[in-house]
Each structure stands twice: as structure tokens, then as C-alpha cells.
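Here is a short briefing on the structure shown below. It takes the sheet, then a helix pair, then the relation between the copies.

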Number of protein chains: 2
Amino acid sequence: MLEWTRGQSIGEIDTPALILDIAAAERNIRAMADRLIHGSVRLRPHVKTHKCPILAHKQMAAGAIGVTAAKLGEAEVMIRAGIPEVLVSTPIVGRTKIERLVALSRHGMVLTVVDDASAARAISDAAARAGQKIPTLVDVDVGQRRTGVLPGEPALALARQVASMPGLVFVGLQGYEGHLQHVQSRDERELRFRASMQRLTDTAALLRGAGLSVDIVSTGGTGTSTFALDATGVTEIQPGSYVVMDDHYGTVQGVGFEQALFVLTSVVSRTRTTDVIVDAGLKALSSDSGAPRVRGVEGARYSFAGDEHGRLELGDAGSDLRVGDKVLLVPSHCDTTIHLHDHFYVVEADKLIEVWPIEARGRVR
Amino acid sequence: MLEWTRGQSIGEIDTPALILDIAAAERNIRAMADRLIHGSVRLRPHVKTHKCPILAHKQMAAGAIGVTAAKLGEAEVMIRAGIPEVLVSTPIVGRTKIERLVALSRHGMVLTVVDDASAARAISDAAARAGQKIPTLVDVDVGQRRTGVLPGEPALALARQVASMPGLVFVGLQGYEGHLQHVQSRDERELRFRASMQRLTDTAALLRGAGLSVDIVSTGGTGTSTFALDATGVTEIQPGSYVVMDDHYGTVQGVGFEQALFVLTSVVSRTRTTDVIVDAGLKALSSDSGAPRVRGVEGARYSFAGDEHGRLELGDAGSDLRVGDKVLLVPSHCDTTIHLHDHFYVVEADKLIEVWPIEARGRVR
């Protein structure tokens, strides 16, 4: 049950609650837009982080050319909410999803990526049957070893096949260097980014030399976006986490955005002097990037204490915490923590001003 | 978007999908009920695992006296779905939750636990104002060091206070040995369980000696339930995972239930010979207890490859996996994986027979 009152102070919000500091998020949206304003690289922010059309519209208003989604289900939410153009950054496979892709393409521009000729053919066949042409990028493995064909000749071969398929339009390349986003040293991250991008832009040049039109070269996340701005040949970037940030990105040098996301939790038990138990555990905070950081209680450290509980080991300064007191935690990983919640509790100047549905939460298909 | 057809084979279900083998789950429900049938210990299964009223009703039909919930939000779902009696196993703190508890108590029997006198008083005051009396257990720390007052005198002191409060009825003790559920050795687990239970049953004896009526002594999870059956003084157990099981419990000796829960995933990329990429990552499979196990592909091992992807490193036998092929994964931790999904895809003899909403998913309050 959702109970809230506009204007209540953050300390009155029921817990656990996912808190969005809207002023900080809006400053992040503006800061990213400002970085791009004088260059030729465009912004197609990734909505897999926030999964919320309200935030996507704010990104569009700040100059984004469209959004990126991880899953077709997220794209469905965004297109239906009026976002005109969505790139789905993971391959779409299987009859059901292909039918959904073709159906969704009637309502907005949905770009797809492929790294497999037979999967591309299946999309083309379905699109052609419906009298449609799906704009398609070839996904290139720039070093992450996840999805993507190898750069160079394998990418050229697949691009030629895509360009020849009646239901597809070849529009360019995607090469996501996800393995570099959290490289802590700014210099090392930049060096490795340049090497990854060389593979991608060399491949784009190879394709152009073969007579293919490569309109889009899409790359970049929050950790590498600053380097992508002057990477010759890159046309757009896909950062997601910058809107809200998290504790993991907070340790990466030179990223430069504000923490806007928190989980508010209550002390529910204090039977020892050394620690207290709070009501946010594995079901309210993702653990894949470690424990959250405690905000505002000096010396206190959080550790997971099960599905529903966390333990705050107290330094001396936190020893006056009592049952019912509230504490802000900084999630270690924004995407997976937001995915656990149905709503953002939107605060401004420590007051609750709105509650926003996270409409694409759970859209893993 | 949810697309499915009754009778389609498991290989046709869109992915990622949370699969429930209903025959295995029903055998688990029956097996637990059979264990209890000749003893005095009753079953109050924990619904924080499955979060699904349909399964709760099956547990009730097999003889459960009610269910246990972790959060009030889960209790709300269960009471509204017709489960007559719910024990909320974590302390309820804060004005909003207390008001919800009192409101919910008009519709069914909701038992609460307390480990703090001021929190108990707040519940009593609200209940008394509404002309109600909330049945209340004192939560005792039997060694987990999470919630709960210490056994013995501290528990007696709090129980006396609860018994004197106008809006509460003291009904007994809860002592959950969560730290023992996954002790791998059966002998060590049993030994430590007996020591934990001694603390709890000695405390119950102390309270009875002081003139308090201790009707309920509630304990036990899936890993210790077999020992709880003949633990003198225990009146009921709260196992949850036994209905579906998971890979973590699968490594614990002597637990003895069947795996009924899977995540179905598709191969979405195969650009190398050594591995394939599947469409289930951190947003479809919890990682707090490690990686899932691969079912049916000999020698293949899963590793997380981000929010939306997993990597199957292939043994020789799995080398014919292609894009579009489907693979079953055994979740490492059932509770936190179910919490990521909105529906169970219910299969019987490898055919999809129903899709059930996981109605209490996301109810972290």
C-alpha cells in the first residue's frame, strides 16, 4: 500500500523508500546536455537505469535525440509514453519478441541491433510481411566479449547482409565498452576507451569504403561519455547512470555527476549497543556491486542481514540511533536497485513533492 | 507485455521467464505437511518466498494453520486474498505501518512481533484507540544477532510489558535461527539448532513460571524444520523455501525437497566458440547467493554478464547451442529471484498450463 502526503518531510516517508533528489537529477541532466552542446556527438540516454518516462521526457527536453532501452518491454513503455525514438541495445530474438517489435514500430521509431545473420533474417521476414522496414545497427564487440560481432570483416559481412534484407534498413554500428565504465583511473579508462573506439570507427570506415552508409556510430556510458565527445567518428552516446549516480560510480575518477538516488530506511530493532537493524535488505537494495553506503551517520557501515534487514555497525557518533529513526543509504548500483522498486519518492529541499511510477520496472523481456 | 498460450511447450515461452513446476511444488507442500501430521508442531509457512496467494491457499489446504509474512504489505495481500491468519515476522515500526496494521486487523487475524517496549507501546496505543487488541509475540534473539531481545530475563521483562498493554495480547515467542538454515552439515546444523531452541524453550518456561500464558513458540526454516518437529516446547514452524527450493538449499544436507523453480532464458548471441550469451542477467536472477546453475547443458557454467545478460561458458557437450535456443537455470536464492518477477509461468509435464501473478512482489513495506 502506498501512503504519502505532499510536503511531508523526508523523515516522515514510510520505509523502505526509493528517494529521488529531483534537483540533483535535473542538474545531472543539464550537465550532460551542456557537455554535448558544442560538439557533433548526440545524446541517446539509456533508460534501463531509471525506467521512468517522466525522466526520459526531461532528458528529451534537454536535447536528447531519443532514448536507448535494454529490453523491448522498456521500449514499449517509452514509445507509449510519447518518446518518439528508441534504440533497443540488446539483440531481439524469438518469434514473440519479433512480433512485438514489428507491432511497436507502428507507433514510433524503434531501432534494433543484431549480431547474428539468422536472427536478423527473422526480424526482416516479419517486418517485410507487415510492410515495414526496421532501422538496424550491427552490434560490434569492441572488447567487452559479450554481444557483438568482431570488428572489421565480420562486421562488414553482417552489415552487407542486413543492407540486403527487405525488412531492415542498415543505419550504423553500436559498440558498447561496458567493461571500461568502472575502470577507476581516469587515464587508464581514457586510453582503453580510445583503443576500443578505434576498432569501432575503423570498422565504420571499412563499411563506408564498401559503399554502405553508416549514419549512426553509437557507444559510451556514464564512465566514458566524457571521452566520447571528441572521439572522431562517434555520432552518439548512451549513458544511463549519470541521471542518478550510485556509490560504485562515485569511486570512478572524473565522472562528475551528483548523487540523486537514495534508499530511505528505518531502524526497526536495537537490542545491542554495537549495531542497529534497519528495514532495507536484499529486496530493497541490490547487492551485485556490494553494500550501500550510509549517509549522515558518521562512522556507520551497512551490511546485508537477509532479505528484509540490514545491519548498521555503529561508530561512536551513531550511537544515539533509536528504533523508528530514519537513515539514508546510497545504493551501490543504481540500475539494479531501481529495478526493485515500483516508485520514486521525489524530494526537493528535504520535502516530498511527488511519487512517480517506475513504469518499466520488471520489463526484463 | 505478457504473451502466452495455454499448452505451449516450455521451449516456446518468451524469456526470461520464471518457471514453476507445479507438480514438484505440490509434492513439496504435501511432503512438509506429511512430516508434521503425527506431531504436535504446526505449520505456518513463510510466504515471503513465493509471495503468491494461490500457493498460500495450497499450503492452507494441506493443513497449515495460517501463514507467516515478512512485511505488512505481504500480509495485506494474503488477508485480502482470503488467508485468515498471518504472522508478520519482522517488527512493525512507524506511524504509517501501525495504522495499516490496525486497519488490516479488521479483516483477519494479524499477529505481530516486538522486541522493543516503545515500539510495542505505539502499536498498543493505536490498537486501543481503535478498540482492538493485536495478538503479539515477543521476538527473541536465539543466536542470529539480528532482531529480538535476549532470551531469559530481557524477554520476560518485555513479555510482561506487552501483557500489560491495553491494545496487545501477549500470545507467545518467536525465535528464528536464520543463521543456521544453510549450515551444510546435517549433524552440525542439528546440534546448533538444539542449542538455539534450548534458549527459546527455556525462555518460554521462564515466562510460564512467571504466570504468563505462552501459547505460541514459533521458529524454524526449511533447513531446520526437520529438527523442529521433535523439539519439545516448539509449537509451530515457519519454513518458506521448501515449496520451490533453490541451488543454495540444494547444497544443504538432508533438507529433502524437490527443485520446482527455474528461470528460462534464451541464447541471444553466439559470436565465440567458447561461450554463448543469454538474456537473463542481474535483473532476472538474484546474485546474493552466487550464480545460478545451468540445467540440461552438460558442463556449462553460468556467470553474470551485466543487468540483462548472462554468459554460459560451454563444456564440450553444450557446443551446439544456437541463437534462439532456450536453457533452464536453477536460481541460487529463491526468495530474491522471485522478488524480481511479476508472474510464475506454471508448467506441468513441460507444458505451460497457467500464469500466476506474484501479487506480493515488491511489497517491501
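In this predicted model, chain A holds an open sheet of eight strands. The pairing is parallel, and the strand order is β2-β9-β8-β7-β6-β5-β4-β3.

**Sheet of chain A**
- β2 (42-43) and β3 (67-69) of chain A stand at the edges.
- Each of these two has a single partner strand, so one side of each is left without a neighbour in the sheet.
- Strand β6 (residues 134-139) of chain A pairs with strand β7 (residues 168-174) of chain A. Their pairing is parallel and runs over six bridges.
- T136(A) has F170(A) in β7(A) as its bridge partner.

**Helix pair of chain A**
- Helix α6 (residues 153-164) of chain A packs on helix α7 (residues 186-209) of chain A at an angle of about 50 degrees. The two axes lie 9 Å apart.
- That angle makes α6(A) oblique to α7(A).
- The crossing of α6(A) past α7(A) is right-handed.
- On the α6(A) side, the contact involves E153(A), A155(A), L156(A) and A159(A). They meet T203(A), L206(A) and L207(A) in α7(A).
- By class, this contact of α6(A) with α7(A) has five nonpolar, one polar and one charged residues.

**Relation of chains A and B**
- Chain A superposes on chain B by a rotation of 180 degrees, with 0.0 Å of shift along the axis. The RMSD is 0.0 Å.
- This is the relation of a two-fold axis.
- Both copies use the same surface: 100% of the contact residues of chain A recur in chain B.

Key:
Residues numbered from 1 in each chain as written. Chains lettered and ligands numbered in written order. Predicted model: local features only at pLDDT ≥ 70, side-chain atom pairs only at ≥ 80, totals over all residues. Heavy atoms only, no water. Least-squares fit on C-alpha atoms with pLDDT ≥ 70 in both. Contact = heavy atoms within 4.5 Å. Axes fitted to C-alpha atoms, helices over the stretch in contact; angles between N-to-C directions. Helix = DSSP H or I, 4+ residues; strand = E, 2+ residues; numbered from the N terminus. Parallel < 35°, antiparallel > 145°, perpendicular 65-115°, else oblique. Left-handed = near helix turned anticlockwise from the far one by under 90°. Nonpolar A, V, L, I, M, F, W, Y, C, P; charged D, E, K, R; others polar. Pairing = 2+ DSSP bridges.
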